[in-house]
Amino acid sequence: ADVAIFGAGPIGVLVAMWARTWGAGRVMLVDIDQSKLDFARSLGFAETCNARAENPVAWINDSTELGADLVLEVSGSAKAFEQCLLTARPFGQVVLMGNPNGDMALPQDAYWAILRKQLTVIGTWNSSYS
């Protein structure tokens, strides 16, 4: 399975490690901070994309047959959420983990991707407060 992770901070790298441990065929990391991507590369994650330097949607869709099987949004970025929907394969899964720092807007094309590709969008709370 192809796994794409938008966000290469601590949570994204941990998710990448779990994906690799659980047998993902490919683990692709996207971030806008090159130092985070360099750190991920030092851990053996060779497939990284700097979203400031290249289009991550084109990068993932060109390097996979139909898009990623599982896409995780761990940055809390509205743009990354949109890009996750556009890079998931038909009948793929998108997991939302990132904590947004403001309102999330979804362009029509991204919404249509949910419908036309019949995506499963799952939310998970990555923090616990007592």
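Q: In which strand does F91 lie?

A: F91 lies in strand β5, where helices (H or I, at least four residues) and strands (E, at least two) are DSSP runs, numbered from the N terminus. Before we go on, note that this is a predicted model, in which local features need pLDDT of at least 70 and side-chain atom pairs count only at pLDDT 80 or more, while totals for chains, interfaces and linings use all residues. Residues are numbered from 1 along each chain as its sequence is written, and side-chain values use heavy atoms, with hydrogens and water left out.

Q: What is the phi of F91, and is F91 buried or exposed?

A: Most residues other than glycine have a negative phi. In F91, however, phi is near 65 degrees, which is a positive value in a residue other than glycine. For the second part, buried means under 20% relative accessible area, exposed means over 50%, and partly exposed is in between (1.4 Å probe, protein chains only). F91 has a relative accessible area of 53%, so F91 is exposed.

Q: Where does Q118 lie, and what is its phi?

A: Q118 lies in the loop between α5 and β6 (120-123), and its phi is near 50 degrees, again a positive value in a residue other than glycine. Because its relative accessibility is 48%, Q118 counts as partly exposed.

Q: How many salt bridges does a search of the whole structure find?

A: A salt bridge is a side-chain nitrogen of Lys or Arg within 4 Å of a carboxyl oxygen of Asp or Glu, and the search finds three of them. One of these joins the side chains of R26 and E47, with 2.4 Å from N to O. R26 lies in strand β2 and E47 in the loop between α2 (34-42) and β3 (48-50), so this pair ties together parts that are 21 residues apart in sequence.

Q: Which strands hold D69 and R89?

A: The side chains of D69 and R89 meet in a salt bridge, at 2.6 Å from N to O. D69 is in strand β4 (residues 68-73) and R89 in strand β5 (residues 88-96), so the pair ties together parts that are 20 residues apart in sequence. D69 is partly exposed, with a relative accessible area of 23%, and R89 is partly exposed as well, with 25%.

Q: How many residues apart in helix α4 are K79 and E82?

A: They are three residues apart in helix α4, which means that about one helical turn separates them. K79 and E82 form a salt bridge whose closest N and O atoms are 3.5 Å apart. K79 is partly exposed at 48% relative accessible area, whereas E82, at 16%, is buried.

Q: At what angle do helix α4 and helix α5 pack?

A: Axes are lines fitted to C-alpha atoms, for helices over the stretch in contact, and angles run from 0 to 180 degrees between N-to-C directions. Helix α4 (residues 78-87) and helix α5 (residues 108-116) pack at an angle of about 40 degrees, with their axes 9 Å apart. That makes α4 oblique to α5, because angles under 35 degrees count as roughly parallel, over 145 as roughly antiparallel, 65 to 115 as roughly perpendicular and the rest as oblique.
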